[in-house]
Amino acid sequence: MKKYLKYTKNFYFLFTLFFIVWMVFIDSNDILTQFKLRSKIKELEKQKEFYQDRKAKILADREELMSNYELLEKFARERYLMKRESEDLYVVVEE
């Protein structure tokens with residue numbers, strides 16, 4: 001027991017112990033914060049992958065629309081409610 005008491009009175013031991021406690025629990029970059037940031041990074045990487053896949057799908061759809069006039073006309077009529085001058089447009093809202 002005396003052997004351990006001798007170390008607790010040592011300045012370097014106390015300072016090192018204080019430093020470790022400070023870095024693990026008190027500092028703004030403590031272990032809990034690092035864990036939360038890593039989980040946030042993983043979540044953001046998943047979102048990035050989702051949006052990259054979605055972007056690729058949208059670009060493929062756009063390329064298909066620009067190459068086919070009938071498909072482009074159908075898309076404009078359905079999505080943006082466009083019509084020809086000689087047509088009437090009726091919008092049915094389902095409740």
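## A look at Leu32

Leu32 sits in helix 3, which covers residues 31–67 (helices are DSSP runs of H or I, at least four residues, numbered from the N terminus). With 59% relative accessibility, Leu32 counts as exposed (over 50% relative accessible area; under 20% is buried and in between is partly exposed, using a 1.4 Å probe and protein chains only). Leu32 and Val92 are 60 residues apart in sequence, and their C-alpha atoms are 54 Å apart in space.

## About the model

This is a predicted model, where local features need pLDDT of at least 70 and side-chain atom pairs count only at pLDDT 80 or more, while totals for chains, interfaces and linings use all residues. Residues are numbered from 1 along each chain as its sequence is written, and side-chain values use heavy atoms, leaving out hydrogens and water.

Side chains of opposite charge can pair when their charged atoms come close. The whole structure has four salt bridges (a side-chain nitrogen of Lys or Arg within 4 Å of a carboxyl oxygen of Asp or Glu).

One of them joins Arg77 and Glu73, with the closest N and O atoms 3.2 Å apart. Both are in helix 4 (residues 69–80), and because they are four residues apart, about one helical turn separates them.

Glu73 also pairs with Arg84, at 2.6 Å between the closest N and O atoms. Here Arg84 comes from the segment after helix 4 and Glu73 from helix 4 itself, eleven residues apart.

## One network

Arg77 meets Glu87 too, at 2.8 Å from N to O. Glu87 lies in the segment after helix 4, so this pair ties together parts ten residues apart in sequence. Through shared partners, Glu73, Arg77, Arg84 and Glu87 form one network.

Methods
Helix = DSSP H or I, 4+ residues; strand = E, 2+ residues; numbered from the N terminus.
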